[in-house]
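Here is a short briefing on one protein model.

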Amino acid sequence: MAEAWRGDEIPLKGLLVGHYTDLEAMTGCTALLLEEGAVAAADVRGAAPGTRETDLLAPENTVERVHALLLTGGSAFGLGAAEGVVRFLWERGRGFPTPAGPVPIVPGAVLYDLGRGAVFRPPGLEAGYAACQEASRRVAEGSVGAGTGALAGGVKGGVGLAGYTLEEGFGVGALAAVNSLGRPFDPLTGRLYAEGLLEGAERALLPDLARYRGRREEYRYPLLLGGNTTLAAVFTDAPLTKAQARRLAIMAQDGIARALRPAHTPLDGDLVFALALGDGRGVGLPLLLRLGAYAADALARAIARAVLLAEGLGFPTYRALAAGEGA
């Protein structure tokens, strides 16, 4: 039986996470540094994605390993933060070998948080570089990094981390930046959609719903702000091939649909990256199936944790809303 990760530390070797948080601009970015590189893939289900270097992740393309990953706020402006990650890696001699020296491969994706802060200052080169400088195996959650200005179905979104260690000895985890059109909770009951997947310590964060009075979900959104997206990275130390990493990303997308309703909408850019830290030789189908199933569970938990740990920063939080009245 798989054992759920506890605490905020990634127990996998070779993966570090760092945030840059700009509270004045209500935005930020999150960098995942891959010390030995990683086999990578991506699966896009939202209709409004903003991405960088995702085409090279296709199994038929040449580059086998990426060196970092960027999740960022700032909409399309925020893609500039990837240049800071590239600079950080280049200074340390890490990248795809070329005759002129190593070229860091840094895929990335953006979410929309424009207009939520006091100033317009999307993450740029300096923000990406600073996130790399802060990277470690301990991961801050809530209203930080790419989740600083995030909103989730009318309540504060953020960053969440969750994972499992399988009995086969491999780990699989998920990091989510939740900025969704869909709600993370049932507006009739107030319960998180992913509540059933939470572990003991996580369940202690759930609000008392005794005073909650809600209404049935009708999927009506009169204030369509035009910018939403849940970004996620799932990662494992199993030695997946690029094609298997792609299947991991596809299966993990179900975690978004379990935790947010609706998901993958015309107004979201929902995207899941998959990172395999092993040597890329591949695994058997039974293990791949189990990794994918737990990746989806981990992603749903990570989304719930992001919402539970979010600080309002001027916006309503799920915990405050659920403890009061109405949706």
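Buried means under 20% relative accessible area, exposed means over 50%, and partly exposed lies in between (1.4 Å probe, protein chains only). Helices (H or I, at least four residues) and strands (E, at least two) are DSSP runs, numbered from the N terminus. By these terms, strand β11 (residues 229–236) is mostly covered, with 8 of its 8 residues buried.

The model is predicted: local features need pLDDT of at least 70, side-chain atom pairs count only at pLDDT 80 or more, and totals for chains, interfaces and linings use all residues. Residues are numbered from 1 along each chain as its sequence is written, and side-chain values use heavy atoms, with hydrogens and water left out.

- Two strands pair if DSSP finds at least two bridges between them. Strand β10 (residues 171–179) pairs with β11 in the antiparallel sense, over 8 bridges.
- Within that pairing, N179 has T229 of β11 as its bridge partner.
- Strand β12 (residues 271–276) pairs with β11 in the parallel sense, over 6 bridges. Here L231 stands opposite L271 of β12.
- From β11 the chain crosses through helix α4 (residues 242–259) to β12, a right-handed β-α-β crossover. Right-handed means that, with the strands pointing away from the viewer, the path from the first strand over the helix to the second runs clockwise.

**Cysteines and helix α2**

- A disulfide is a pair of cysteine sulfur atoms within 2.5 Å. The count by this rule is 0 disulfides.
- C29 counts as buried, at 0% relative accessibility. C132 is buried too, with a relative accessible area of 3%.
- C132 belongs to helix α2 (residues 125–133), where A127, G128, Y129, A130 and A131 are also buried.
- The cover over the buried residues of α2 includes β2 (15–22), β3 (27–44) and α1 (81–91).

**Enclosed space**

- A cavity is a set of points, on a 1 Å grid over the protein atoms alone, where a 1.4 Å probe fits but cannot get out; lining residues have an atom within 4 Å of a point. Grid points are joined across faces, edges and corners, and a volume is the space filled by probe spheres set on the points.
- The whole structure holds 1 cavity of 30 Å³ or more. The largest cavity has about 30 Å³ of space.
- Its lining is made by W5, G7, L161, A162, G163, E202, R301 and R305.
- β9 (158–165) and α5 (285–309) are the elements that give two or more residues to this lining. β9 gives the most, with 3 residues.

Notes. Contact = heavy atoms within 4.5 Å. 1 Å grid on protein atoms, 1.4 Å probe; cavity = no way out; pocket = protein on both sides within 12 Å on 5 of 7 lines; lining within 4 Å.
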